[in-house]
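Welcome! Take your time with each before reading the solution.

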Amino acid sequence: MSILHLNDTDFADAVKSGVTLVDFWADWCGPCRMFGPVFEAAALIHTNIKFAKFEVGPANKEIPAKYGIRSIPSVLAFRDGELISAKTGLMQPADMEQWIAEIGVK
């Protein structure tokens, strides 16, 4: 499944059904660029989960403020529109897999 690219306008619609993992990132963020391939690899493995990226910045302030994003990378997990878990900081592939298992996605 391809990775969605979200903004303040389409965010709510994208996370309203199923399980969605959203990576909050910025192009200037070194750890974000390092985490990108980990996130993309997980998207290839877990085709039953929606994966999305949300670039924080001046054009997209509402959603990061709503969810208290203060550090990036931050990944938020949603189930049917409800926030169920969040992780901040660079995750390695094994950390990502463990977190996905912890939030109960088969």
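A disulfide is a pair of cysteine sulfur atoms within 2.5 Å. Keep in mind that this is a predicted model.

**Exercise 1.** Find which cysteines form a disulfide, and work out its handedness.

*Solution.* 
- Step 1: The structure holds 1 disulfide.
- Step 2: Its partners are Cys29 and Cys32, whose sulfur atoms lie 2.5 Å apart.
- Step 3: The torsion about the S-S bond of Cys29 and Cys32 is about 75°, so this disulfide is right-handed.
- Step 4: Buried means under 20% relative accessible area. Cys29, at 5%, is therefore buried, and Cys32, at 2%, is buried too.

**Exercise 2.** Locate His46 and decide whether His46 is buried or exposed.

*Solution.* 
- Step 1: Look in the loop between helix H2 (30–45) and strand S3 (50–55), where His46 is found.
- Step 2: With a relative accessible area of 11%, His46 is buried.
- Step 3: Leaving out residues up to four places away in sequence, His46 touches Phe51, Glu97 and Ile100.
- Step 4: With Glu97 there is a polar contact between the two side chains, at 2.7 Å from His46.

**Exercise 3.** Describe the largest nonpolar core.

*Solution.* 
- Step 1: This core has 18 residues, and those with the most contacts inside it include Leu21, Phe39 and Trp99.
- Step 2: Strand S2 (19–25), H2, strand S4 (74–79) and helix H4 (93–102) each supply at least two of its residues.
- Step 3: H2 gives the most, with 5 residues.
- Step 4: Apart from this core lies another, of 17 residues, among them Val22, Cys29, Val56 and Phe78.

Note on methods. Residues numbered from 1 in each chain as written. Predicted model: local features only at pLDDT ≥ 70, side-chain atom pairs only at ≥ 80, totals over all residues. Heavy atoms only, no water. Buried < 20%, exposed > 50% of the residue type's maximum accessible area, 1.4 Å probe, protein only. Helix = DSSP H or I, 4+ residues; strand = E, 2+ residues; numbered from the N terminus. Polar contact = N/O pair within 3.5 Å; in protein donor to acceptor, adjacent residues only side chain to side chain. Contact = heavy atoms within 4.5 Å. Core = buried A, V, L, I, M, F, W, Y, C linked by side-chain atoms within 4.5 Å.
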